[in-house]
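Got your viewer open and ready? Let's take a short walk through this one, stop by stop.

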Amino acid sequence: MGYRILAEVTMVVHFLFIAFVVFGGFLAWRWPKVVWLHLLAALWGLCIVLFGLNCPLTYVEDRARERAGEAGLSRGFIDTYLTGVIYPERYLDEVRLLIAAVVIFSYAVAVRRRRVRRG
């Protein structure tokens, strides 16, 4: 039972992390210090996409599911829970570009807002 809870909690944390990668730049509009944490998260997300790295959260969830007697993740977290579920797999590149555009937009507006406050 404990491993199943660990797997579920890890899955939720993973979803929250992905949401932070996508929308965390908007938090910098209100709390500018968040931008450093978001930059790290966004860079990690970018490295995962560009270099095919495995996220440690995926590893934790996979092992916890296996120890709970369930099937582990046969694919990565995004491939298991998002691609083909939230959006069709054929739109993966477009979704990635949309996410990049959202992050860039949030930073562009944050920079503009900061300049307006200073000037």
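First, some ground rules. This is a predicted model, where local features need pLDDT of at least 70, side-chain atom pairs count only at pLDDT 80 or more, and totals for chains, interfaces and linings use all residues. Residues are numbered from 1 along each chain as its sequence is written, and side-chain values use heavy atoms, with hydrogens and water left out.

**Stop one: the largest pocket**

Select Gly45, Val49, Ile78, Arg96 and Ile99. Of the 38 residues lining the largest pocket, these are the closest to its centre, and the pocket's volume is about 1,200 Å³. A pocket here is an open set of points on a 1 Å grid over the protein atoms alone, where a 1.4 Å probe fits, with protein on both sides within 12 Å along at least five of seven lines; lining residues have an atom within 4 Å of a point. The volume is the space filled by probe spheres set on the points, which are joined across faces, edges and corners.

Now colour the helices (DSSP runs of H or I, at least four residues, numbered from the N terminus). Helix 1 (2–30), helix 2 (34–51), helix 3 (56–67), helix 4 (77–81) and helix 5 (92–118) each give at least two residues to this lining. Helix 5 has the largest share, with 10 residues.

**Stop two: the second largest pocket**

Next, go to the second largest pocket, at about 280 Å³. Pick out Pro32, Val35, Ala110, Val111 and Arg114, the closest to its centre among 13 lining residues. Helix 1, helix 2 and helix 5 each supply two or more of the lining residues, and helix 5 again gives the largest share, 8 residues.

**Stop three: Glu61**

Click on Glu61, in helix 3. Is Glu61 buried or exposed? Glu61 counts as buried because its relative accessible area is 0%, and buried means under 20% with a 1.4 Å probe and protein chains only (exposed is over 50%, partly exposed in between). Its side chain makes a polar contact of 2.8 Å with that of Arg65; such a contact is a pair of N or O atoms within 3.5 Å, one able to donate a hydrogen and the other to accept it. Beyond four places in sequence, Glu61 has contacts (heavy atoms within 4.5 Å) with residues including Ala7, Met11, Phe77 and Tyr81.

**Last stop: the cysteines**

Finally, show Cys47 and Cys55. There are 0 disulfides, taking a disulfide as two cysteine sulfur atoms within 2.5 Å. From Cys47, the nearest cysteine sulfur is that of Cys55, 12 Å away. Cys47 is partly exposed at 26%, while Cys55 is buried at 10%.
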